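Here is a brief report on selected features of one chain. Look over the sequence and the model, then read on.

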Amino acid sequence: MKTNKTVNVIAIAALAAMTAACGAGKTGGDEAGKPIGQAAKEEAKPVELTWYHVPTDGPVGDAFMQQYGEPIQRKYPNYSFQVLVNKEQNTLANMVMSKTSLDVMLASFASLQSVKENGLLSDMSDLVKKHNFDLSRIEAEPLEMMRKMEEGKLTSLPLYDLRLVLYYNKDLFDKFGVPYPKNGMTWGELLDVAKRMTRTEGGVSYRGFVTPPLTVVNANQRSLNYIDTKTNRSAIMTEDWKSHMETFIPFYTVPGYDATPETMNSANMMNMFLKEQTAAMFVAYNSFAATIKQNVPNWDAVSLPEMSDLRGVASQPYPVVLSIPSTSKHRDEAFLAIAQLLSDEVQKERAAKLGFLAPLKNPAVKSAFANDVVDWKGKNISAVTAQKSPSPISYSKYNAQGAAAIASAMLAVITGQKDVNTALREEDEKLNKTIETAEAANK
């Protein structure tokens, strides 16, 4: 099997000096009553952890060491890493077939479904207890997501979160003399802004707001479920979902918007904002800032607009998580590595230098977000940090299909093909058929 080159372990001869420098600050104790990781540090036995990136663009080599390896080795210099990425010969399916022992697995919440289906998730609750890891330091919402996924078991811990924000092109607002959007606006208030920015001038069509419908469906600030987990049936044919759709459809039916299946294509909408720069506002995750900067020099961002009766609430939590696969031969060492990455020190550093939104409650860690990130220099950083995550929706392996069904219904209404009730009813029927077919195939 082809693997990425193993990262060399730091010389064991330097362990004593580094242990003295890194040993301050206890975070708990193991079953022998020693501080967390103390036994491993005393023995100083070299340990190679196999780290697996489920995302196919996971960092390797120096990039891996900067983000993950070096912060871990500060406390555990006897650790080294073999880094594998989910592509080529190292696909997840091949990992399962070859029974490769994996110790730490990084995945987005969406890709965690494939890990679950391959039987690689394992409960970490015993390690939390054994090493006195303080779960109360972590935001409740991502932990709730993890527990909902596996019937109350804690199979993953959040490393960082992604949050939707509203990016805008300042040059276009200046061109048309319209005030910039602000933090804390409601969707209704933003619609007024979008109307003012949608126009044709000099033969060029400008649109105030371009964002794929699926994005605003996934934002789901009301925590509406796509699937009834008790009956395993569609939960989209409701007045709440109808109201949600009717909040956003007007953005795409503003006079002069000219919504067609072609213009509503996700790639086209992104191109309008980034390349053509004929769109004033675009919703995307905070991690999209570098891409925005490369294309729209004069940009800024504000917090995701809010429901008028649900103030201060952000988009659905979308954590990137760390798990210890069921195949691991180094569960304790893997957990200690994860615990180190979730320490206040490392999380504050990652937030400040790399622009990762920490899942910790500590205000000092939260406030460090993007302080040293060039892409966010001079920008409205509070766009990312000002809001609180809503309660996560119930977990179902058909949630992605449910979200796609709502987005499809929205598109049918926006392009004038169907009314809201018809579009929802037909997508509800299709979704139930999809679930029935999948369940029958699994019997």
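## Helix α15 and its end

Helix α15 covers residues 344-354. Helices here are DSSP runs of H or I of at least four residues, strands are E runs of at least two, and both are numbered from the N terminus.

The buried residues of α15 are V346, Q347, R350, A351 and A352. Buried means under 20% relative accessible area, exposed over 50%, and partly exposed in between, with a 1.4 Å probe and protein chains only. These buried residues pack against α3, β4 (156-162), α14 and α16 (363-366). Contact means heavy atoms within 4.5 Å.

## Basis of the model

This is a predicted model: local features need pLDDT of at least 70, side-chain atom pairs count only at pLDDT 80 or more, and totals for chains, interfaces and linings use all residues. Residues are numbered from 1 along each chain as its sequence is written, and side-chain values use heavy atoms, with hydrogens and water left out.

## Helices α3 and α14

Helix α3 (residues 61-75) packs with helix α14 (residues 331-341) at an angle of about 100°. Their axes are 9 Å apart. Axes are lines fitted to C-alpha atoms, for helices over the stretch in contact, and angles run from 0 to 180 degrees between N-to-C directions. The two helices α3 and α14 are therefore roughly perpendicular, a term for angles of 65 to 115 degrees.

From α3, Q67, Y68, P71, I72, R74 and K75 meet A337, Q340 and L341 of α14. The contact residues comprise five nonpolar, two polar and two charged.

## The five-stranded sheet

Five strands form an open sheet with mixed pairing, in the order β6-β7-β10-β5-β11. Two strands pair if DSSP finds at least two bridges between them. β6 (199-201) and β11 (299-303) are at the edges with a single partner strand each, so one side of each has no neighbour in the sheet. The twist averages 35° from one strand to the next.

β6 and β7 (residues 204-209) run antiparallel, joined by three bridges. T200 has S205 in β7 as its bridge partner. Helix α9 (residues 187-197) lies across β5 (164-169), β6, β7 and β10 (279-285). Its direction is at about 170° to β7.

## S389 in its loop

Where does S389 lie? S389 is in the loop between α17 (382-385) and α18 (399-414). At 11% relative accessibility, S389 counts as buried.

The S389 side chain makes a polar contact with the R163 side chain, at 3.0 Å. A polar contact is a pair of N or O atoms within 3.5 Å; within protein, one must be able to donate a hydrogen and the other to accept it, and residues adjacent in sequence count only if both atoms are side-chain atoms.

How values were computed:
Angles under 35 degrees count as roughly parallel, over 145 as roughly antiparallel, 65 to 115 as roughly perpendicular and the rest as oblique. Ala, Val, Leu, Ile, Met, Phe, Trp, Tyr, Cys and Pro count as nonpolar, Asp, Glu, Lys and Arg as charged, and the others, Gly among them, as polar.
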